[in-house]
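Reader: Hi! Could you walk me through this one? I'm new to it.

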Amino acid sequence: MEETVISRQVTKTQPAWRKRFWRNKLLYLMIVPGIIYFLIFKYIPMFGLVISFQDYKPFKGILGSEWVGFKHFERLFTEPDFWNILSNTLLLFGMNLLFYFPIPIILALMLNEVRITFFKRFFQTLVYLPHFMSWVIIVSISYVMLTMDGGIVNELLVQLGFSKINFLLSPEWFRPTYIIQVIWREAGWGTIIYLAAIAAVDPQLYEAARMDGAGRLRQVWHITLPAIRSVIIVLLILKIGDVLELGFEHVYLLLNSMNRDVAEIIDTYVYTAGLRQMQFSYSAAVGFFKSLVGLVLVMLANHLSKKMGEEGIY
Amino acid sequence: MVEDRTLSGRLFVAVNYTLLTIIALVTVLPFIHVVAGSFTTNAEIAAKKFVLIPTVWSLEAYKFIFSTDTIFRALSVSVGVTMIGTLLSMFVTSLMAYGLSRRDLDGRNVIMFLVVFTMLFSGGMIPTFLVVKELGLIDSYAALILPSAIGAFNMIILKNFFQNIPEGLEESAKIDGCNDFGILFRIVLPLSLPSIATISLFYAVTYWNTYLSAILYLNDSQMWPIQVLLRQIVVLASGMDYSSNLDSAVPPPDQSVKMAVIVVATLPILLVYPFLQKHFAKGAMLGSIKG
């Protein structure tokens, strides 16, 4: 009897948020699995980065391993290998920005001028396709085409009177091969967002421009491009955030003992040093450095875009 | 829009269509070359170089790769992981997306921030590997699924889509005695089929293309999915790991055999792609600009 009275009093004095909490208990139940996922597979690894300040021994665990301060970071910055890897990574990133980034914009602008719906659909269906192929498939197809014994590209070179090129094993061909594969796989897919942004442009603007005597190219330059400017900037920020995220799989698949000097990037280095050579702490420190640089760059790019009067991504 | 009839206008159109056609051809010809090459003999590939339509049809390459159960086993692993993974991912992703799509949920902004933050910063390969190891998932198929169960980006796209469904529909279902689960499964999901189809395809493709998780978490080559096997056969090409599963006297595989393995590893995507392709533009756009 007394207990029911007490509990009723508690109900009366419950703050509003608690009432909402109980009313929404099923909604909270729904997001629990998701939260558990993010905690275990995203946040615990973030805290796991403390091993880069330890000499982590698997059988001692995080709690039992010895603290060593910045030892691994000091090694990282004094290791000549690391500087080579960092410059390889930055070079590939620069090539991505220079050669890949503008292509989806240009393709979307070209495609926007296509008036035959069937042609447009057909083109999109074909160029989206490679995006769904794994890097293993993309690299495998390149491999059978580029190989020295019977690959179509080398056969063609011979027919044209050139000598065969060992694309897959020569260091100087690694970067061109890499960037062409990136363009082949992603250029078409990259157009989706730009096309949607272009579709949102007010048609009256084009009417007005035509009245003023603007031809096709001038309309593109003075209306379409300025209209999708903010989308371009958002995607540029996201791309810069990926600065060191060049795709482990792609590079790893192209990597071999002949092109290692130009092809080893931070991700593949983390894999080799960490999981092949069991230097957990050192390679966690390398990974930590990479994640930090990425985070700082996104924030910087975002800040700059806001200064330029754009919205940014947050 | 009225077509531009001036000379420069026509020239522009002609150049534009020609260039786009060339780009489309360059994109798909390698695929056609590989598919055609897989259906012919090695002699024909050597003689004709660039095969688009084989003159000699042959299933030898396929007979060869299915002569042992190596490829077959890898295919079943990939099919199983893709089906179970996609179902699980869609289930937990829609639950979370729906919960977070409701504006009366306290704390949803904090949770959204925590989700977005994982897209900007991560623990990276080594700490994630240690977590998977501590959970005892090494050498289990769960290691191919659980660590990538929810894609933050996919979840946000779905959440934004759910948010656009008129609240009145949910209100009336509530008055009729539906609880939140009922609203999600009987009203919201059926209304969201295009996005569900798109996100399912994204997940299915990710699981089908699983490579990194497999080389990180599976030591046992008997458990390999098709992508890892494909790399062993085509990219390494030494035939070492491949022949250890076959006869050790087998020489490195022929071009047509490699092509057949590529086709087998690509086929499932080629099969579902046409059915889901029409949803992409709509589904992928949602929330991708304004995350």
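**Where the chains meet**

Author: Happy to. Across the interface of chain B and chain A, the rule finds 1 salt bridge, meaning a side-chain nitrogen of Lys or Arg within 4 Å of a carboxyl oxygen of Asp or Glu. Bear in mind that this is a predicted model, where local features need pLDDT of at least 70, side-chain atom pairs count only at pLDDT 80 or more, and totals for chains, interfaces and linings use all residues. Residues are numbered from 1 along each chain as its sequence is written, chains are lettered from A and ligands numbered from 1 in the order in which they are written, and side-chain values use heavy atoms, with hydrogens and water left out.

Reader: Which residues form the salt bridge, then?

Author: Asp106(B) pairs with Arg20(A), and their closest N and O atoms are 3.0 Å apart.

Reader: Which helix of chain B gives the largest share of the side that touches chain A?

Author: That is helix α1 (residues 7–38) of chain B, with 16 residues. Helices here are DSSP runs (H or I, at least four residues), numbered from the N terminus. By class, this side of chain B has 63 nonpolar, 17 polar and 11 charged residues. Ala, Val, Leu, Ile, Met, Phe, Trp, Tyr, Cys and Pro count as nonpolar, Asp, Glu, Lys and Arg as charged, and the others, Gly among them, as polar.

Reader: How much area do the two chains bury between them?

Author: About 8500 Å², with 76% of it on carbon and sulfur atoms. Buried area is the accessible area (1.4 Å probe) that two parts lose on being put together, summed over both.

Reader: New topic: what volume does the second largest pocket have?

Author: About 710 Å³ of space lies in it. A pocket is an open set of points on a 1 Å grid over the protein atoms alone, with protein on both sides within 12 Å along at least five of seven lines; a cavity is a set where a 1.4 Å probe fits but cannot get out, and lining residues have an atom within 4 Å of a point. Points are joined across faces, edges and corners, and a volume is the space filled by probe spheres set on them.

Reader: What lines that second largest pocket?

Author: It has 24 lining residues, and the closest to its centre are Ile180(A), Gln181(A), Trp184(A), Val26(B) and Pro30(B). Helix α11(A) gives the most, with 9 residues. The lining has 19 nonpolar, 5 polar and no charged residues.

Reader: And how many cavities are there of 30 Å³ or more?

Author: The search of the whole structure finds 2. The largest has a volume of about 50 Å³ and is lined by Phe167(A), Leu168(A), Phe174(A), Thr177(A), Leu254(A) and Asn259(A). The second largest cavity is about 40 Å³, and its lining includes Arg73(B) and Trp224(B).

How values were computed. Helices (H or I, at least four residues) and strands (E, at least two) are DSSP runs, numbered from the N terminus.
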